[in-house]
Every structure is written in C-alpha cells, then in structure tokens.
Amino acid sequence: MSAADRLNQTSEILNESFQPVENPFKVTVIGSGNWGTTISKVVAENTALRPHLFVRRVDMWVFEEMIDGQKLTEIINTKHENVKYLPGIELPDNLVANPDLVGAAKDADILVFNVPHQFLPRIVSQLQGHIKKDARAISCLKGFDVDKDGVRLLSTYVEEKLGIACGALSGANLAPEVAKENWSETTVAYKLPKDFKGQGKDVDHAVLKALFHRPYFHVNVIDDVAGVSVAGALKNVVALGCGFVEGLGWGNNASAAIQRVGLGEIIKFGQMFFPHSKVETYYQESAGVADLITTCSGGRNVRVATHMAQTGKTAEESEKELLNGQSAQGIHTCKEVHEWLASCGKTDEFPLFEAVYQIVYEGASMETLPDMIEDLEGVNIPVAKHANK
Ligand SMILES: NC(=O)C1=CN([C@@H]2O[C@H](COP(=O)(O)OP(=O)(O)OC[C@H]3O[C@@H](n4cnc5c(N)ncnc54)[C@H](O)[C@@H]3O)[C@@H](O)[C@H]2O)C=CC1
Ligand SMILES: O=C(CO)COP(=O)(O)O
C-alpha cells in the first residue's frame, strides 16, 4: 500500500468513528497570519468532509489591510490565497475571510484563536459580550499573559475574559510545512468543562480530533493544557538563544547546548509555576521537545536572532527586515518571562531565559552567553596550592 493510500485509509477510519452531533458546530478562526491561515485551511478541509459534525463554512477573521490597492479579505475570497501571509498555498472555497471580528465570531460554537499574542487583549475585549455563552475555544497562540498578579496561560486569559472553556493546540508545526501538507504531528489539550453538555451535544476530545486531524497533520488529544502551553511559549525564547550562537558561527554543538539547558528551564518553569502540568508532556508530546527542536532548527525566532548576531541590528529591526509583517513571539515572551521572574526574585534560577532577555533588551553581549548560563553552583573548582605566587 502506498503512503498516500495509507493516509486516505486513516482518514476514512476516522470519519467512520466520529458520531454525529445534534447540531453541527460552527467554527471561526480568529487570525489570518502564517499559522492562522494554515490552521484555517486544516479546519475548513475537515468541516467540508464532516457535515455530520461541523457547519461547512469556516470564517477566518482578518485584520484588514490593503495590498496593492485591494483589500486582503477580497483577495483571499476571490483568489483563495493569502498572498501576504501564506503565499502560494490554495485555500478551500468554504473558508471565508471576514474583516468583521464580532460578525465572524458571534455565531461560532468553536473559536480558534490564532494571532500573535500581543494582539490578544484588544481582540478579546472587542469580543466581550458578543459571543455565544456556551462557545468553546482553542488557543494556538504561543506566549503568556503577565501582570502584577502573576503569569497566566493565554487559554486561561481567554477563559477569564470571555467566560468560555479554552484548550490549546501546539506542536512541532512550522506553518509553511503544514501548509504544504508535509506530514507533522501536533498536540491538542482540552479539559472538559464543568458545564459539559454531554457527548453529541458538546465539544469533546473526539470532536477536536475530527476538527484538526488531517492525513498530513496527526493530532494527539490530551488534558494537559498547561504543559502544552508552557512548552509552546518558552521554546521561542530558547530559539532566540540558538539563533545567537548560530549567528556567531559556533555551530551545532553550541545550539545543542542551548537546547539542552532550555529544555531543563522549560520543565523547571512549568513545575514551579504550573505544578499541575505533567513532566511527560515536555518530552513525550509534539508540543514539547519536538517543537523545541523544529523551532530551533528553522523557525522565525531562530532566524531573527541569527540576523541580530550577524548584523548587530536590534530584534525589532531584524523582525521587520526578515518577516514581512509576521511576528517572532520570543521577543515578547522573553520580556514577559523576565518581568515575572524578576517580580518573584527568581531570575537567577533561569539563567538562559534571563540571558536571552539581557541580550535582546539590555545590550548584553552574545559572546558571554556560555558564561551567563554556566551553573557553577556545586562545582568545586580546585585551586592550585600556590596559585597566587
Ligand atoms: N507561523 C508558525 O509557524 C507558527 C505560529 N504559531 C503561533 O501562532 C500565533 C499566530 O502566528 P501567525 O499566524 O504565524 O501570525 P504572524 O506572525 O504571521 O503575524 C501576522 C498576523 O498578525 C496580524 N496583525 C498585525 N497587526 C495586528 C493588529 N494590530 N491586530 C491584530 N492582528 C494584527 C496580521 O494581520 C497577520 O494576520 C503566534 O502566537 C505564533 O507563535 C504556532 C505554530 C506555528
Ligand atoms: O511555533 C512554531 C513551530 O511550531 C513556529 O516557530 P517560529 O514562530 O519561531 O517560526
């Protein structure tokens, strides 16, 4: 059996195993960047395939902009291509670009949030009071919300601000590869809420699998929203560190060292501030170590940091020059993490995260990265008897 036949067979088996629901779910994706458009494509392919579960039409909210005198939404809806953020990829015709945020979201049963996380607060405040009370959400964002009260997951932020249950989707998922339908895995995390209405009436793990799983995009659904979200947010900070050593020309050993320290700090951060997150999520799930590896190999964060090292430009300048309006989320996340760790006096316990912040925001030298992350605690360096003579 060919690989393509095997994939089609998997898809058919999945279709048969999904029970119909009373009222098919309407799905809206909030966001239309590189990943936002890719996930919209994934979702729209599945809603077209599974009318017993989903309304065929998927709305994708687009932060409207003009491209050569024409609205981006009009281009997407006529050419079926997001020419700015996902050029060269054909989008399904049941995916509708919608510039009206409330209009796109108000009838949705499932809201998929997928915007650079610095824009989330404004979007959520515009949605307050305008969505279905029993809607459910999945956050594909990578980052944290930090204020004087603490560090919060973005799914928790959505839950608190909108009063709806929210899970997370994260994995080793560089958008251009998923968009081209190259095989990858992802992790969806969702906890059934207290007001769960029952199978066939509400969103559960099977519904989420049916919404996101594609022959080329394999989904594992788990409960650990915190583990998935912490790993997704922090690997972007580690990727900046990898970009610095790569840009300095130090090679693969240096990058591996940064990833080793980074994985340790990710797990420690998760255990310290989200103790209900599971350690195995960090090394067994796509959202854990696999996302760390792919992002440090070829993501936008690593590219931006490499450019900084090679040109001496700032993070913002490098992002602007390289990404054509896309966002390297590690730039925001390293600041959020620093602010949180500083407020609780724990920056010393996360030397890599702190070093990345110091390089991006305080002008620290990239060359000193190895010394900054060297943990000398407990190491007894022998001193020669007559060293000072
Ligand atoms: N691109 C990727 O490979 C992956 C990205 N992610 C995560 O998904 C989230 C979304 O990323 P992308 O879709 O790649 O976005 P992106 O990095 O492509 O950002 C561009 C998007 O931001 C929008 N935007 C610009 N200014 C805005 C404003 N003031 N208000 C609202 N929106 C505005 C643009 O219209 C565009 O849709 C991020 O948290 C990212 O870390 C997760 C997995 C893969
Ligand atoms: O999250 C990602 C891959 O899973 C994408 O990482 P970048 O934003 O660094 O491209």
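Which residues surround ligand 2? In this predicted model, the residues around ligand 2 are Lys 142, Gly 171, Asn 173, Leu 174, Lys 235, Asp 291, Thr 295, Gly 299, Arg 300 and Asn 301. A residue is near a molecule if one of its heavy atoms lies within 4 Å of it.

Residues are numbered from 1 along each chain as its sequence is written, chains are lettered from A and ligands numbered from 1 in the order in which they are written. As the model is predicted, local features need pLDDT of at least 70, side-chain atom pairs count only at pLDDT 80 or more, and totals for chains, interfaces and linings use all residues; side-chain values use heavy atoms, with hydrogens and water left out.

The chain is divided into domain 1 (3-223) and domain 2 (227-373). These bounds come from an automatic or database domain assignment. The C-alpha centres of the two domains lie 26 Å apart. In domain 1, 27 residues are in contact with 32 residues of domain 2, where contact means heavy atoms within 4.5 Å.

Residues 26-191 are 31% helix and 30% strand, with end C-alpha atoms 20 Å apart. Residues 224-369 are 77% helix and 0% strand, with end C-alpha atoms 32 Å apart. Helices (H or I, at least four residues) and strands (E, at least two) are DSSP runs, numbered from the N terminus.

Ligand 2 has oxygen atoms in several polar contacts, that is, pairs of N or O atoms within 3.5 Å. A polar side-chain atom of Lys 142 lies 2.8 Å from one oxygen atom of ligand 2. For Lys 235, a polar side-chain atom is 2.6 Å from an oxygen atom of this ligand. A polar backbone atom of Asn 173 is 3.0 Å from an oxygen atom of ligand 2. Taken alone, ligand 2 exposes 310 Å², and the protein buries 91% of that. Accessible areas come from the Shrake-Rupley method with a 1.4 Å probe. Helices α12 (286-298) and α13 (300-311) are the elements that give two or more residues to the shell. By class, this shell has 1 nonpolar, 5 polar and 4 charged residues. Ala, Val, Leu, Ile, Met, Phe, Trp, Tyr, Cys and Pro count as nonpolar, Asp, Glu, Lys and Arg as charged, and the others, Gly among them, as polar. Domain 1 and domain 2 both give residues to the shell around ligand 2, so this ligand lies between them.

Ligand 1 has 24 residues around it. Asn 34, Gly 36, Ala 175, Ser 327 and Gln 329 come nearest. Helix α2 (residues 34-49) gives the most to this shell, with 3 residues. The shell has 11 nonpolar, 10 polar and 3 charged residues. Backbone atoms also approach oxygen atoms of ligand 1. The distance is 2.8 Å for a backbone N or O atom of Ser 327, 3.0 Å for one of Lys 142 and 3.4 Å for a polar backbone atom of Cys 140. Ligand 1 taken alone exposes 840 Å², of which the protein buries 89%. Both domains give residues to the shell around ligand 1, so ligand 1 lies between them.

Key. Polar contact = N/O pair within 3.5 Å; in protein donor to acceptor, adjacent residues only side chain to side chain.
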